[in-house]
Amino acid sequence: MEKGFKKYVPFEQIKIKNRRWPDNTITKAPIWCSVDLRDGNQALVDPMNLEQKLEFFHALCDMGFKEIEIGFPSASETEYEICRELIEGNHIPDDVTIQVLVQAREHLIRKTFEAVKGAKNVIVHFYNSTSTLQRKVVFKKDMDGIIDIAVEGAKLIKELIDGYEGDTNFRLEYSPESFSGTEVDNSVKICEAVMDVIKPTPENPIILNLPNTVEMCTPNTYADQIEYFITHMKNRESAIISLHPHNDRGTGVACAELGLLAGADRIEGTLFGNGERTGNLDIVTVGLNMFTQGVDPKLDFSDLPKYREIYERCTKMKIGERQPYAGDLVFTAFSGSHQDAINKGFAYVKETNSDKWEIPYLPIDPADVGRQYEPIIRINSQSGKGGAAFIMQNNFGYELPKAMHPEFGALVKAECDKLGRELSPQELMEVFNKNYIDIEQKLWLVKHVITNVDQDEATFKGTIHLVKENKDVEIFGDGNGPIDAFFNALKSIGIDGYEFISYSEHAISQGSDSKAISYIQLKTPEGKNIFGVGISHGIFKASVRGILCAINRSPDPINPKINQ
């Protein structure tokens with residue numbers, strides 16, 4: 001590797017002055033064309049069969065695609081039969097245009113027109129390669145020879161359309177394949193030559209598709225190529241400028257977005273970026289990028305898991321865990337600081353009743369793409385106190401007070417370290433139950449009665465069982481409320497020195513089985529803060545259980561006075 005880089009020739013930059021695209025903003029969706037059934041399909045180890053292609057086609061229609069490239073019907077009998085089934089089986093909605101790809105070669109063009117007979121709306125997409133490298137290595141022709149191939153193909157296509165018998169509405173698309181590797185002036189020249197034959201009008205424009213067939217430069221240079229092409233071509237108003245980015249440098253999405261800024265009207269790509277080599281443009285990513293900026297992508301991504309399942313089953317390809325928007329982990333936070341910010345974001349939106357999505361680290365609401373909130377925060381040894389609290393609230397309805405988060409978070413982290421892996425929500429609940437509900441008892445309340453209850457005072461009388469002594473003792477106390485009376489009753493048998501710090505409660509179920517949960521924070525005689533949790537059908541009993549839980553969890557010894 002030390003000197004290997006020297007054999008590569010840097011891409012020559014486009015000399016463009018006063019470029020306008022850096023100051024532009026994407027404010028509307030482009031015309032979308034899915035090429036999953038052609039470009040995506042040809043990149044599969046095992047291409048889709050008829051049933052899979054039909055299912056995928058209907059899924060694309062359901063998402064809102066109005067232009068779908070269905071294949072290369074002149075390439076094989078299988079591709080031809082699929083085209084015929086779509087037409088003869090009435091699978092194509094009236095508002096959907098099928099697109100068929102064909103090289104600018106006579107016998108292939110004639111076969112293609114046979115294949116689409118009877119279709120209502122068809123885009124005939126013809127192409128030939130124009131790049132400097134292909135001219136030198138593959139075709140051994142100069143640019144004039146390459147232009148002749150395109151022009152002859154255009155003439156035949158126009159002749160076949162002019163003499164066509166039937167009601168098919170034909171539109172035409174031309175691609176100078178490997179546009180990104182072609183001198184941009186030559187790209188303009190060949191496209192204008194094709195337009196001279198086709199004679200498009202603003203009412204019946206030609207689609208000029210400018211493929212980034214192989215990514216060879218940074219996205220800004222691709223945008224320069226697009227802007228240069230648009231500003232130097234003639235009869236711009238009679239052309240729809242289309243992009244077809246690939247992803248060899250890993251910047252297909254950026255090339256598409258910058259290409260739109262440069263003036264493109266249309267984008268070809270695949271749902272999740274499947275395509276030759278490192279793939280095609282990922283339409284899901286570009287569309288949802290627009291969505292997060294308040295731009296309607298004009299495609300329905302509201303049930304993304306459904307379309308992911310269809311894609312994976314039909315193509316046998318897998319979506320990466322970190323693939324934008326669709327991956328298993330893209331809405332998941334393990335980091336403690338991320339979890340804390342997300343938790344606070346949800347609280348902020350709830351408290352302010354905001355209609356805006358303002359959640360740190362989540363650029364999109366998972367619900368907008370059919371995802372659930374449960375996996376947003378997952379717990380491992382890197383997680384923080386806020387993450388565990390988020391899961392307890394969102395999965396189980398337990399609203400742990402903020403002051404309790406560090407204590408519970410430390411218990412969860414210890415369990416993660418012990419197991420050496422992340423914890424599931426149910427395992428998190430088990431940690432909670434083990435440490436706050438199913439704890440070892442030092443004392444428990446056998447029975448009690450509260451009397452003289454009004455706003456300012458109460459009397460508590462009950463029986464406490466002392467586990468170590470295996471003995472029941474009576475307790476009695478007055479106070480300025482039931483909780484204060486209970487504290488004073490404990491003091492009557494020498495359980496003293498606990499300071500009441502904070503209290504919160506809420507319901508954890510509804511209807512006839514409604515229960516209350518209380519969170520009690522005490523300071524122990526040794527000055528340590530500790531929490532207790534109590535659950536009961538009555539809020540007072542839940543509070544008493546919370547106090548006893550905190551005392552039972554306290555590391556300080558209990559030395560009751562039992563010789564009364």
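**View 1. M404 sits in a loop and is buried.** In this predicted model, M404 is found in the loop that runs between α13 (385–396) and α14 (405–419). With a relative accessible area of 0%, M404 counts as buried. Which residues are in contact with M404, once neighbours within four places in sequence are left aside? They are F432, Y436, Y519, F531 and V533. Two of these contacts, F432 and Y436, also belong to an aromatic cluster, together with Y398 and F408. To place this view against another part of the chain, take G263: M404 and G263 are separated by 141 residues in sequence, and their C-alpha atoms are 55 Å apart in space.

**View 2. Three strands make an open antiparallel sheet.** The strands here follow the order β12-β13-β14, and their pairing is antiparallel. Strands β12 (499–507) and β14 (529–536) each have a single partner strand and stand at the edges, so one side of each has no neighbour in the sheet. On average, neighbouring strands of this sheet are turned by 15 degrees against each other, direction ignored. Eight bridges hold the antiparallel pairing of β12 with β13 (residues 516–523).

View 3. The model has 16 aromatic pairs, counting rings whose centres lie within 6.5 Å. One of them is formed by F487 and F500, with 5.9 Å from centre to centre and 90 degrees between the planes, an edge-to-face arrangement. This pair links distant parts of the chain, as F487 lies in helix α16 (residues 482–491) and F500 in strand β12, 13 residues apart. Are the two partners buried or exposed? F487 is buried, at a relative accessible area of 9%, whereas F500 is partly exposed, at 34%.

**View 4. Eight parallel strands close into a barrel.** Going around the barrel, the order is β1-β2-β3-β4-β5-β6-β7-β8, with parallel pairing. From one strand to the next, the twist averages 25 degrees. Helix α8 (residues 219–232) lies across β6 (206–212) and β7 (239–245), and runs at about 155 degrees to β6. Helix α9 lies across β6, β7 and β8, and its angle to β7 is about 165 degrees.

**View 5. Strand β4 is buried along its length.** Nine of the nine residues of β4 (residues 121–129) are buried, so the strand is largely enclosed by the rest of the structure. In a regular strand, side chains alternate between the two faces of the sheet. In β4, N121, I123, H125, Y127 and S129 point one way, while V122, V124, F126 and N128 point the other way.

**View 6. Helix α10 is largely enclosed.** Seven of the nine residues of α10 (residues 283–291) are buried, so the helix is largely enclosed by the rest of the structure. The buried residues are I283, V284, T285, V286, G287, L288 and M290. What do they pack against? Their packing partners are β1 (31–34), α9 (252–261), β8 (266–269) and α11 (304–315). Look also at the start of α10, where a side-chain oxygen of D282 comes to within 3.0 Å of the backbone nitrogen of V284.

**View 7. D39 is a buried aspartate with a polar partner.** D39 belongs to helix α1 (residues 36–42) and is buried, with a relative accessible area of 2%. Its side chain makes a polar contact of 3.1 Å with the side chain of N280. Leaving aside neighbours within four places in sequence, the residues in contact with D39 are H244, H246, G275, E276 and N280.

Notes:
Residues are numbered from 1 along each chain as its sequence is written. This is a predicted model: local features need pLDDT of at least 70, side-chain atom pairs count only at pLDDT 80 or more; totals for chains, interfaces and linings use all residues. Side-chain values use heavy atoms; hydrogens and water are left out. Two strands pair if DSSP finds at least two bridges between them. Helices (H or I, at least four residues) and strands (E, at least two) are DSSP runs, numbered from the N terminus. Axes are lines fitted to C-alpha atoms, for helices over the stretch in contact, and angles run from 0 to 180 degrees between N-to-C directions. Rings of Phe, Tyr and Trp (its six-membered ring) pair if their centres lie within 6.5 Å; planes under 30 degrees apart count as stacked, over 60 as edge-to-face and the rest as tilted. Buried means under 20% relative accessible area, exposed over 50%, partly exposed in between (1.4 Å probe, protein chains only). Contact means heavy atoms within 4.5 Å. A polar contact is a pair of N or O atoms within 3.5 Å; within protein, one must be able to donate a hydrogen and the other to accept it, and residues adjacent in sequence count only if both atoms are side-chain atoms.
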